[in-house]
Amino acid sequence: MNVEELQRKLIAVARANPPSDRVPFAFEKRIMARLPARARLDEWALWSRALWRAAAPCVAVMLLLSAWSFFVPNTATPSNDLSQDFENTLLAAVDQEPPADSAW
Amino acid sequence: MERTEAQLIAAVLTGDAASFEPLVETYSPRVFATARRYARRESEVEDIVQEVWLKAFEKLSSFRGEAPFEHWLMRLAVRTCYDFLRGHQRNRETTFSEMTEAEGDWLDRFVTGPESGSENAEAARQLVGRVLEQLSPPARMVITLLEIEERSVKEISRLTGWSVPLVKVRAFRARAEMRRILSKIGKEKYL
């Protein structure tokens with residue numbers, strides 16, 4: 001028996017005879033009667049959808065900021081002395097205070 | 001004014017369960033046709049379709065609206081049918097003696113003249129059903145989708161959730177499994 005040919009022929013028969021799409025009478029009523037009162041909100045699905053939607057803008061912002069920091073020239077005078085920079089920053093407020101006699 | 005599909009879904013999600021009914025009416029024929037590919041008894045078909053719709057209602061909030069609702073629903077239907085096949089793995093071993101006379105006659109005619117036209121299509125259809133019932137669930141699923149419904153591998157991957165390589169491997173195994181079953185039938189009948 002030619003099994004390959006038999007297989008081909010049986011599949012051809014199955015293709016030529018698709019199943020019926022008949023719906024039993026009032027089937028939709030039966031489904032409606034069995035539905036729970038309210039569709040349950042899937043919180044995880046909502047979170048995952050929101051996070052996926054937020055991912056693209058976040059990546060875009062990150063790329064823009066990276067490009068900006070890379071291409072915009074740094075105008076500040078560079079300093080290699082971290083301790084001096086730290087001290088300047090810390091004492092900046094003190095330096096800007098007005099002289100004591102001017103307050104009165 | 002008739003509401004669109006998106007409006008109906010939005011209404012269901014806000015608590016208006018009645019808006020689900022038009023969706024059931026519209027898509028039930030397709031779901032029934034799919035379920036009838038995998039279940040023979042009408043009561044089983046109805047159980048599958050009912051489960052598909054209850055799952056659709058429960059998981060409606062996970063429908064993102066990027067693809068048509070029908071695609072989402074058919075994915076759910078195919079996966080429910082696969083669960084049904086796995087849950088109903090009865091003793092799939094059937095012997096030639098269980099074949100009806102009409103099926104046996106059809107096979108005889110095929111053996112004597114494989115090129116002849118396929119008379120008695122009903123007997124051939126029953127024989128196909130019998131062979132498909134003996135396949136394992138993944139083999140039956142992949143033969144149905146790939147060979148009978150003529151869907152692409154990519155489409156099957158989307159419907160079943162299997163990766164493309166897995167679909168290809170399962171298709172290869174399924175064809176071999178089907179040939180093995182047909183050889184067995186041939187041996188039982190003619191040897």
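Predicted model: local features only at pLDDT ≥ 70, side-chain atom pairs only at ≥ 80, totals over all residues.
The exposed residues B:A6 and B:Q7 sit on the face of helix α1(B) that is turned away from its buried side.

Helix α1 of chain B covers residues 5-13, and its buried residues are B:L8, B:I9 and B:V12. Look down the axis of α1(B): these buried residues fall within an arc of 95°, so they line one face of the helix. What do the buried residues of α1(B) pack against? Their partners are α2 (20-38) and α4 (69-87), both of chain B. After α1(B) comes B:G15, and its phi is positive, near 110°.

Next, move along chain B to helix α3, residues 42-58, where B:E58 is found. Is B:E58 buried or partly exposed? B:E58 has 14 other C-beta atoms within 10 Å, so it is partly exposed; a buried residue would need 20 or more. In sequence, B:E58 and B:L13 are 45 residues apart. In space, their C-alpha atoms are 9.9 Å apart.

Finally, look at a place where two chains meet. Two packed helices are described by the angle between their axes and the distance between the axes. Helix α1 of chain A (residues 3-16) packs with helix α6 of chain B (residues 121-134) at an angle of about 105°, and the axes are 9 Å apart. The two helices, α1(A) and α6(B), are therefore roughly perpendicular to each other. From α1(A), the contact uses A:L10, A:V13 and A:A14. From α6(B), it uses B:A121, B:A124, B:R125, B:L127, B:V128 and B:V131. By class, this contact of α1(A) with α6(B) has eight nonpolar residues, one charged and no polar.

Methods
Residues numbered from 1 in each chain as written. Chains lettered and ligands numbered in written order. Buried ≥ 20, exposed ≤ 12 C-beta atoms within 10 Å, placed from the backbone. Helix = DSSP H or I, 4+ residues; strand = E, 2+ residues; numbered from the N terminus. Arc of directions from axis to C-beta. Contact = placed C-beta atoms within 7 Å. Axes fitted to C-alpha atoms, helices over the stretch in contact; angles between N-to-C directions. Parallel < 35°, antiparallel > 145°, perpendicular 65-115°, else oblique. Nonpolar A, V, L, I, M, F, W, Y, C, P; charged D, E, K, R; others polar.
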